[in-house]
Amino acid sequence: MIQLGARVAFLVLPLFVFGAPADEPDPKEATTLPNGCRRCCDPLDPHGSSEVTPGPAGRHSSLYPMPEVRPYINITILKGDKGDRGEPGTPGKWGKEGPPGERGSQGQKGSKGQMGAPGDPCKHQYAAFSVGRKKALHSSEGYQALIFDTVFVNLYGHFDMFKGKFYCYTAGLYYFSLNVHTWNLKETYMHVMHNDQEQVILYAQPSDRSIMQSQSLMLELRENDEVWVRLYKRERENAIYSDDVDIYITFSGYLIKPSLE
């Protein structure tokens, strides 16, 4: 009896541990229940249909659907060589102008450039000359131009040393000054000429004492005008003094202001 009871207990014990075996529901039976009822253990239809269409894998295909397989192609493997550069496209429209930036810091002073070539003398806005004479001069029967032999200043060569005349290349207002030394017992009679017209006279009467005499004036000159000094003989002998060592006779002039023309 003890052995029989042990065998019965060995057979009954799994029922208490694992429970009674249950029959596996049939999908077809689940769809044929009356009134559209389902068992709690029946599989759910994802499409809401009461019919389960068996797939190619058999009756278990609806219970275990196969995953969708999508092919993947690695484009980097199929990438070809780099093509030629295309032509540039048409430029776009200009954008709006931005606000001005802040002023930058002052740069370093540059080096001094080379001296340029001299310009045309007719274009210069400067004129000046100063000449002298070392030899004495006596008057002749008529007019005699005063010629000079020493140059102190002759800017751009406007004073002609051979003719003793200043030629105006820059129109404007000029200043002129004449200085001479008289001769003892002889008269000094000279004119500062503008073209062919006497402008001012430098005169000294005969005296037993020689003195320095001067005359100055301003003239409004036009282009190509001439300014020069002449010696004139009247009833008495006319002369100016000088020697080969010192210079007693000078004639100077310069441009004060060019004209606006």
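Author: Contact here means heavy atoms within 4.5 Å. The model is a predicted one. By that definition, and leaving aside neighbours within four places in sequence, Thr182 is in contact with Thr188, Ala204, Arg209, Ser210, Ile211, Gln213 and Tyr241.

Reader: Where is Thr182 found, and what makes it buried?

Author: Thr182 is found in the loop between S7 and S8. Buried means under 20% relative accessible area. Thr182 has 4%, so it counts as buried.

Reader: What makes the pair formed by the side chain of Thr182 and the backbone nitrogen of Ile211 a polar contact?

Author: A polar contact needs a pair of N or O atoms within 3.5 Å, one able to donate a hydrogen and the other to accept it. The backbone nitrogen of Ile211 lies 2.8 Å from a polar atom of the Thr182 side chain. That distance is within the 3.5 Å cut-off.

Reader: Why is Leu178 called buried?

Author: Its relative accessibility is 1%, and the limit is under 20%, so Leu178 counts as buried. Leu178 is found in strand S7. Not counting residues up to four places away in sequence, Leu178 touches Val192, Leu202, Gln213, Ser214, Gln215, Val229, Thr250 and Phe251.

Reader: What makes S1 and S13 paired strands?

Author: Pairing takes at least two bridges between the strands. Strand S1 (residues 128–133) and strand S13 (residues 249–258) have six bridges, in the antiparallel sense, so they qualify as a pair. Within S13, Ser252 is the bridge partner of Ser130.

Reader: What is the order of the strands in the open sheet, and why are S4 and S10 said to stand at the edges?

Author: The five strands run in the order S4-S1-S13-S7-S10, with antiparallel pairing. Strand S4 (150–154) and strand S10 (212–221) each have a single partner strand, so one side of each is left without a neighbour in the sheet. From one strand to the next, the twist averages 10 degrees.

Technical notes. Residues numbered from 1 in each chain as written. Predicted model: local features only at pLDDT ≥ 70, side-chain atom pairs only at ≥ 80, totals over all residues. Heavy atoms only, no water. Helix = DSSP H or I, 4+ residues; strand = E, 2+ residues; numbered from the N terminus. Axes fitted to C-alpha atoms, helices over the stretch in contact; angles between N-to-C directions. Buried < 20%, exposed > 50% of the residue type's maximum accessible area, 1.4 Å probe, protein only.
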